[in-house]
Amino acid sequence: MGIEQRTADMGIITTSLEQAVNWARTNAMWPMLFGLACCAIEMMAAQASNYDMSRFGMELMRASPRQSDLMIVAGRVSRKMAPVLRRLYDQMPAPKWVIAMGDCASTGGVFNNYAVIQGVDEVVPVDVYVAGCPPRPEALIHGILTLHEKVRGEGLKKWS
Amino acid sequence: MDENLQPVVAALADRFGASHAEFRGQTTVFLRPDQIVQACQLLRDEFGFNMLSELTAVDYWPQQEPRFHVFYQLNSLSQHQRLGLRVPIPGIKPSVESIEKVFPNANWHEREIWDMFGIRVEGHSDLRRILMPFDWEGHPLRKDFPLGYEEVQFTFNVHEIDQDKFYPKE
């Protein structure tokens with residue numbers, strides 16, 4: 001019976017600010033709809049009841065960049081799409097994160113040609129790369145949990 | 001050749017001196033670049049080829065000269081007939097007459113052959129790029145256009161290529 005138990009009985013919990021903020025950020029991280037190719041099908045599957053991403057507070061895929069925290073770039077990005085992608089990224093409010101889902105978004109994949117950007121990291125900074133062609137929903141969820149781990153490790157200095 | 005097509009091919013040979021070829025039951029007539037508008041007009045008005053179902057180009061560089069073939073596929077809905085027209089075009093300042101006045105749907109197809117092959121379409125009402133960005137240089141479906149723009153990374157050259165790679169800031 002320490003002091004924590006006594007304060008908890010009174011409805012008071014002590015924690016660090018970093019932990020509280022990061023908990024809030026990771027447990028309601030709304031992704032933006034950015035399905036560009038076949039990876040989007042797996043992203044939808046990850047949303048649906050079998051895999052159910054809402055377990056991690058991600059049930060809301062926002063169609064507006066202004067309401068989203070995370071951009072899952074699912075599929076190959078063509079040269080003509082790249083300025084659109086960057087613009088949507090710039091419209092997202094900070095803090096914001098990017099997952100490059102699949103080989104095409106990460107490296108260009110099999111499309112080493114004039115029309116496709118060789119990795120979305122040429123356009124926006126990427127936090128987590130998910131390999132696979134396309135990655136299974138488990139892989140995407142693993143990528144998201146990896147991102148959560150990264151966000152939980154962020155400190156006050158990174159928030160500025 | 002289908003017997004219904006024979007008078008059509010004969011008329012084209014008579015009027016334009018055009019030769020024809022057959023491949024797997026498909027008939028293709030070869031025409032000169034200055035003849036294509038009149039030929040389309042003739043086929044549409046007198047032989048009932050009232051639909052342009054395809055307009056594209058092929059680059060035969062470096063095997064063949066002339067290097068480009070512009071290809072027109074006409075369709076007769078009333079007689080259920082198809083006829084291909086081919087216009088060979090040399091590679092230096094390639095250009096072809098627009099058939100937009102005869103078949104209005106040629107507009108976008110002709111923009112595409114300008115965009116992808118760099119074949120100028122004379123008399124086109126709105127000759128801009130259609131697929132590539134407007135500031136794009138070159139014509140990507142030409143056979144001499146470079147295939148990829150980034151070397152594939154392997155373990156022995158990954159750092160070398162990574163040095164030249166562009167990484168954006170926040």
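Two residues are in contact if their C-beta atoms, placed from the backbone, lie within 7 Å. By that criterion, residues 24 or more positions apart make up 80% of the contacts in chain A with a separation of 6 or more. The model is predicted: local features need pLDDT of at least 70, side-chain atom pairs count only at pLDDT 80 or more, and totals for chains, interfaces and linings use all residues. Residues are numbered from 1 along each chain as its sequence is written, while chains are lettered from A and ligands numbered from 1 in the order in which they are written.

**Chain A: overall architecture**
- Chain A contains 7 helices and 4 strands, where helices (H or I, at least four residues) and strands (E, at least two) are DSSP runs numbered from the N terminus.
- Read from the N terminus, the order of these elements is α-α-β-α-β-α-β-α-β-α-α.
- The C-alpha trace of chain A spans about 65 × 35 × 25 Å along its principal axes.
- Of its 160 residues, 35% are buried, a residue being buried if 20 or more other C-beta atoms, placed from the backbone, lie within 10 Å of its own.

**Chain B: strand pairing**
- Strands S3 (residues 51–59) and S4 (residues 68–76) of chain B pair in the antiparallel sense over 8 bridges; pairing requires that DSSP finds at least two bridges between two strands.
- Within this pair, Leu55(B) has Tyr72(B) in S4(B) as its bridge partner.
- S4(B) also pairs in the antiparallel sense with strand S5 (residues 81–89) of chain B, over 9 bridges.
- Gln81(B) in S5(B) is the bridge partner of Ser76(B).

**Chain B: hairpin**
- S4(B) and S5(B) form a hairpin with 4 residues between them.
- In the turn, His80(B) has a positive phi of about 55°.

How values were computed
A residue is buried if 20 or more other C-beta atoms lie within 10 Å of its own, exposed if 12 or fewer, and partly exposed in between; C-beta atoms are placed from the backbone.
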